[in-house]
There are 2 protein chains.
Amino acid sequence: MSAPTTPVRQASVRAHNLALVLHTVANSADHPSRAAIAAATGLTRATVSALVDDLIAGGLLTEIDPPPRTGAGRPAAGLALTSAGPAGLGLEINVDYLAACVVDLTGAVRQRFVEHDDQRPAGAARSLTALGALAARARLAAEADGLTVTGAALAVPGLVADGGLIRVAPNLGWQDVDAPALLRGVPELADLPVTVDNEANLAALGELRVTGGDPTFLYVSGEIGIGAGLVLDGDLYRGVRGWSGEIGHLTVFPDGRLCRCGANGCLEQYAGQEFLAGDEPLAARALGIALSAVVNLLDVPVIVLGGAYAPYFGRLRGGIEAELDRRVLTAGLAPVTLRAATLGADAAMRGAADTVIRAVRDDPASWLRRAG
Amino acid sequence: MSAPTTPVRQASVRAHNLALVLHTVANSADHPSRAAIAAATGLTRATVSALVDDLIAGGLLTEIDPPPRTGAGRPAAGLALTSAGPAGLGLEINVDYLAACVVDLTGAVRQRFVEHDDQRPAGAARSLTALGALAARARLAAEADGLTVTGAALAVPGLVADGGLIRVAPNLGWQDVDAPALLRGVPELADLPVTVDNEANLAALGELRVTGGDPTFLYVSGEIGIGAGLVLDGDLYRGVRGWSGEIGHLTVFPDGRLCRCGANGCLEQYAGQEFLAGDEPLAARALGIALSAVVNLLDVPVIVLGGAYAPYFGRLRGGIEAELDRRVLTAGLAPVTLRAATLGADAAMRGAADTVIRAVRDDPASWLRRAG
DNA sequence: GTCAAATAATTCAACCAATAAACAAATCCA
DNA sequence: TGGATTTGTTTATTGGTTGAATTATTTGAC
């Protein structure tokens, strides 16, 4: 019933309006004044002033000294997100690399460490220890730079259950790995809250931040496996158990090739990385069939091809669009936009860092309580 | 960014908490006291008292006279939703019948009119005029009974655009029909806000109310066409343009039978009502393939089979579950529950009425303003 | 160069809603 | 009959927004 379940008190009003002001600054193209924020949000100037004072005192906003000039009247003081303040640690573990980055409140990447190395022989414990070391370096460098890392998120190519337990990551050969526990074993990270999520989910969030445009889209990540991240109205849809987006195992040819999952005709067997290069037309057709299922089911107006698909985009596009045109019931009423991803291999790691930042942006009040 | 966009003031706090109290009463198995509501919501007894007073004054709650007895102490006054108060008018137009019902705040069906008649030769204008007459009778009967009909919702087997425009209803032979405008032509309905939605979407909401259990499920309605309503976390997911749930045109056999939509191998060509009776095993297989796509994509834990599927449930179940087991990647981690719908042919009409009631339940403050 | 107009931001009293604590009401149990 | 107990109401307090008045700082006109 979408039942409201928590009471609201005055403090919640303030928390909401703090987030509202912070979002207004974040989504603004220029550096808005307090008055501009008041006009944009519908709050009074008095209220905005009070809220901005809190946000400045808490180190989330700063006044930009040379304010943007206009006509007559007292000049406005421009406001901007601070680049010294809370930051998110984004981590990624994949078949052939480990990566860590720190992103500040403005979305800028402040630290970035990548270690190319085949992780399959290492095993979960060694991989995560190595990642922990990388993460520790990133964190220390960021904090030396005046940032406060408030949390970490880890992207993995696999199924993640509640609590960050990695149920299975087939291409790494992992099963039932408690990644947060292993990362907490690294002293420099022990105090950080760590979340774990599917690589495609986080990559979708990474794309969301940079595209800025459509808040509803499907991000398809073609690696050895094929995953997808579904962003509905600006929020990642993870599914009830967190297992949404397993587009690689959508059936495209019911009696087709046997997949390692045990079923026949999974998309992965036609458009996975290893099949992609040899036969783009078939891959495009299979992708087109699977993607039309998504559009018919969810009415998603935009599809972003990422991971290994991005470099093949030009060769895949025509074949995919042909299937979409034929198979999407509403294709005649409104077209489906097909785009290549823009972030490349960093998407998941940046999306991971972004989840941490997003938590601060969505609930600045709790950061302010913490900052004193 | 799921950006908050509206300011919050004290009045919003009250509006939220009014909805919170109303929901608590609605979702309660018994008739809770003010103190019980306070305990359940986290509000103080004083606040709950004040809110309840408003809700009683506005005619949404009533005190139940013989209160449920407990041990010691002053006896509690039980609270319940009123059965005299706001009500929703649910309308449905389908190939072979017109229907109208009125549902009160408690969810009880207070009026129900069904007119069996083939609508295909009539055309949109005549069908909607006839439905308007039926709706007018239902409304008058309900208001004679002390109810206030606050709005209407219409279920149609077709694609609906913003504003209630029916883009296409293939089985009725309709195209670009402005249903709200035609209904407003009926004098007894002219003042009612009317929304229009897809039949499967509203049937899903109808099932949601009666099942009460899982707030995330897919409702599949097998009629001549096959539609689906997707309920995510208690809310209907309509898609960006309102065209979600077109599961009938999911591709199950890419080179299979030609569908009237122009594509090959749509589910509808294997599991539509006219194909269903002859060959249940194939229908079950096709449904299983399509439904595993849904589960792989969305991690939906429950699927409800309605419409023409409900009577075939026993014969379809095994075949569908076999495909789900084989094709859903996470089938080994957690099973998918398959259920038959419980509401029968009334589901869409009741779901429609429920959307109206739901609006009052979710925002009682605006009803109170109106009620004075 | 001074003053009016304009715009930005702050101050302050008023209001509204929730809270906490005290109080009143109505029952049970000894 | 009286204490214990639970419900519901009353009252003072707190916190946050509003709106109007005030202060601050610039442009432009004379």
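A residue is called buried when its relative accessible area is under 20%, exposed when it is over 50%, and partly exposed in between, with a 1.4 Å probe and protein chains only. This is a predicted model, in which local features need pLDDT of at least 70 and side-chain atom pairs count only at pLDDT 80 or more, while totals for chains, interfaces and linings use all residues. Residues are numbered from 1 along each chain as its sequence is written, chains are lettered from A and ligands numbered from 1 in the order in which they are written, and side-chain values use heavy atoms, with hydrogens and water left out.

**Stop 1: the domains of chain A**

Begin by colouring chain A by its domain assignment, which gives domain 1 (10–81), domain 2 (86–192 + 347–371) and domain 3 (211–341); such bounds come from an automatic or database domain assignment. Then look at domain 2 and domain 3 of chain A, whose C-alpha centres lie 27 Å apart.

**Stop 2: where domains 2 and 3 of chain A touch**

Select the residues in contact (heavy atoms within 4.5 Å), and you will find 9 residues of domain 2 of chain A against 10 residues of domain 3 of chain A. The two domains bury about 700 Å² between them, 46% of it on carbon and sulfur atoms, where buried area is the accessible area (1.4 Å probe) that two parts lose on being put together, summed over both. On the side of domain 2 of chain A, select A:Leu159, A:Asn171 and A:Arg358, which lose the most area to domain 3 of chain A and together account for 47% of what that side buries.

A salt bridge here is a side-chain nitrogen of Lys or Arg within 4 Å of a carboxyl oxygen of Asp or Glu, and the count between domain 2 and domain 3 of chain A is 1. Strand 7 (159–160) and helix 11 (347–362) of chain A each supply at least two residues of the domain 2 side that touches domain 3; helices (H or I, at least four residues) and strands (E, at least two) are DSSP runs, numbered from the N terminus.

**Stop 3: a pair within one helix**

Side chains of opposite charge can pair when their charged atoms come close. Select A:Arg139 and A:Glu143, which form a salt bridge whose closest N and O atoms are 3.4 Å apart. These residues are 4 apart in helix 4 (residues 124–144) of chain A, and are therefore separated by about one helical turn. A:Arg139 is buried at 8% relative accessibility, whereas A:Glu143 is partly exposed at 32%.

Now select B:Glu143 and B:Arg139, whose side chains also meet in a salt bridge, 3.4 Å from N to O. Is B:Glu143 buried or partly exposed? At 32% relative accessibility, B:Glu143 counts as partly exposed, while B:Arg139 is buried at 8%.

**Stop 4: from chain A to chain B**

Select A:Asp299 and B:Arg241, whose side chains meet in a salt bridge of 2.8 Å, N to O. A:Asp299 lies in the loop between helix 9 (280–298) and strand 14 (302–307) of chain A, and B:Arg241 in the loop between strand 13 (235–236) and helix 7 (268–271) of chain B, so the pair joins two chains. A:Asp299 is buried at 0% relative accessibility, and B:Arg241 is buried at 18%.

Finally, select A:Asp255, B:Arg285, B:Glu323 and B:Arg327, which are linked in a network of salt bridges. A search of the whole structure finds 38 salt bridges over all chains.
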